[in-house]
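Dear colleague,

I am passing on the structure below, together with some notes on what came out of going through it. Please read them with the coordinates open beside you.

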Amino acid sequence: MPRSKMQSGYMELEGKSYIFTYDGELLQLVPKEQSSIKPYDFLANKNIHLEVLEGTTIGFENIFFLNCFLKVNRSGYIAKPSGFVCFDGNERCFDTITFKGGIIDYFYRPNHIIDEKNTCYNYFSGGGGEIKLRPFDEISKECEVEVDGKKANLVLSVTLPGEPINMQVDYNLGKPKSILKLCFEEKIDVTYFRTIYMWIYNLMTFVNFRKNIRIGEISLGKINDKGKNAPIAYTHIIDLDKEDIVDIDQIIGYYFVFDHINDLIQIVNKKDLNLLFIPKNLKSGKYVTPESYMICCTSFESVFNYVFPNAKTEYSQKANEVKEEFLQFIEKKDEEYKGADSKKRKEFKKYADMIKLLDFGLGEKFEHCQTKFDKLTVSYRNRVLMKFGLRQEEINDMPNKFAKMRNLLMHSSLEEMEDIHVYAYTLARVYIYIMIMKQAKIEDNLIIQAIDLIL
């Protein structure tokens, strides 16, 4: 079926029939029957949020608009959905989802398709040459994964564009595209499309260390009677703020993570894991602001608590003894002022609650990573330290300074950051990556190389 981001058709909503038009960004709904339009519909109708809004195009195709915040507009509605999925006919389920081009071209390079042994160049007779391509099956990598609890076979490969039946402006007969394809064991309803998309998107943002990545072309398919993947739907996803990669080497490619990709994809998609430290774009990733510093601290603690759940109990016995002595002192003071000064008792209780939370704070967690990952960060530290004129005593006190700056920012302090804070911030980001990749069972030598690539 011909692809188009502009759509029109019909749909049912709240018991009424509507005509819809979509220009690639704005979706508009107006009542189908003029007789059903009431002067005060804008008062009777209400704003609606729908994960999926189903309709039928004028070509009798099932279309599903994604993440629609419908706002009342006179007798109808307007919305700016995240995009749509358009099926061939009345389908709504799929077996496969294929991500083609975009970030996938950098994660799994299209040059895998070149048969280097049989490709030849003639530099002395006119500069001609003959390029041989390897077959699809020969360059494919496969592994089993789970996406939101659904089992699938993940395939990485390279494919050439299809025949130019429907010519497109950017069509290039000789340009191969990398693909990432998920083949599910069970049929997947279209309502799960956004979840699957976000799982792959989160994986790609992690390996590229920025969020404004262009995910590429996405199509859906089903396995036919011959066991082949037959396309049944195309998609249009809004990516106005997305960009292509500038430095093709600044990405953790498949080579580093493929053997452990299922473990990694589970971790970066954990609902209770804070990975907000990944910057929006390449530019923002090069600077530290009070906001990015705070976000980095919260992400660091979130990942640390997940990777080292028992670190708190393994902490120095002396620290626990000091904490207990403070709490016993406060308890005595509480008894001393009982019935005499309720305000002082309240203040003592406040500090007791604070001390209970300080048994393994941000500074100690940072220091734990320094000790644990010392060998993994030697190369990175040597490279970064060349930019700073730090004294050894400053470096020794870095965990404390890292935590203290976070505490100052929490209380709206606008104190200027020093080089030691910037250095601690960059190291914290490295530790987050190391913790996640170690948790995914990725080998140390690959972690060292990956860190040097993206950070």
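K80 is exposed, with a relative accessible area of 56%, and its side chain meets that of E25 in a salt bridge at 3.6 Å, N to O. This pair links distant parts of the chain, since K80 sits in the loop between β6 (76–79) and β7 (83–87) while E25 sits in the loop between β2 (16–22) and β3 (27–31), 55 residues apart. E25 counts as partly exposed, because its relative accessibility is 35%. Please keep in mind throughout that this is a predicted model.

A second pair that links distant parts of the chain joins D105, in helix α2 (residues 104–107), to K177, in strand β13 (residues 177–189), 72 residues apart; their side chains meet at 3.9 Å, N to O. D105 is buried at 11% relative accessible area, whereas K177, at 24%, counts as partly exposed. K242 forms a salt bridge with D241, the closest N and O atoms being 3.0 Å apart, and here K242 is buried at 16% while D241 is partly exposed at 43%. Salt bridges that share partners also join E54, R92 and D189 into one network, and the count for the structure comes to 28 salt bridges.

**Confidence**

The protein chain averages a pLDDT of 90, and 93% of the residues score at least 70.

The largest nonpolar core has 106 residues, of which I97, L182, M204, F300 and Y433 touch the most other members. The largest share of this core, 14 residues, comes from α14. M204, leaving aside its neighbours within four places in sequence, is in contact with I103, I104, F107, L180, I213 and I215. Apart from this core lies another, of 18 residues, among them Y18, F20, I63 and C68.

Which residues of α15 are buried? They are L446, I447, A450, I451 and I454, and they lie on the same side of α15 because they cover an arc of only 135° around the axis. What covers these buried residues includes α3 (193–208), α4 (254–257), α11 (378–385) and α14.

**Q7 in strand β1**

Q7 is placed in strand β1 (residues 7–13) and counts as buried, because its relative accessibility is 9%, under the 20% cut-off. The side chain of Q7 reaches the backbone oxygen of S4 at 2.8 Å. Not counting residues up to four places away in sequence, Q7 touches F20, T21, Y22, T57, I63, F84 and Y234.

N67, in strand β5 (residues 62–73), has a positive phi of about 55° although it is not a glycine, and N67 counts as buried at 16% relative accessibility. K441, in the loop between α14 (419–439) and α15 (444–454), has a positive phi near 70° and is likewise a residue other than glycine; K441 counts as exposed, at 53% relative accessibility.

With best regards

Definitions and conventions. Residues are numbered from 1 along each chain as its sequence is written. This is a predicted model: local features need pLDDT of at least 70, side-chain atom pairs count only at pLDDT 80 or more; totals for chains, interfaces and linings use all residues. Side-chain values use heavy atoms; hydrogens and water are left out. Helices (H or I, at least four residues) and strands (E, at least two) are DSSP runs, numbered from the N terminus. Buried means under 20% relative accessible area, exposed over 50%, partly exposed in between (1.4 Å probe, protein chains only). A nonpolar core is a set of buried Ala, Val, Leu, Ile, Met, Phe, Trp, Tyr and Cys residues joined through side-chain atoms within 4.5 Å. Contact means heavy atoms within 4.5 Å. The arc is that of the directions from the helix axis to the C-beta atoms. A polar contact is a pair of N or O atoms within 3.5 Å; within protein, one must be able to donate a hydrogen and the other to accept it, and residues adjacent in sequence count only if both atoms are side-chain atoms. pLDDT is the predictor's confidence in each residue, from 0 to 100. A salt bridge is a side-chain nitrogen of Lys or Arg within 4 Å of a carboxyl oxygen of Asp or Glu.
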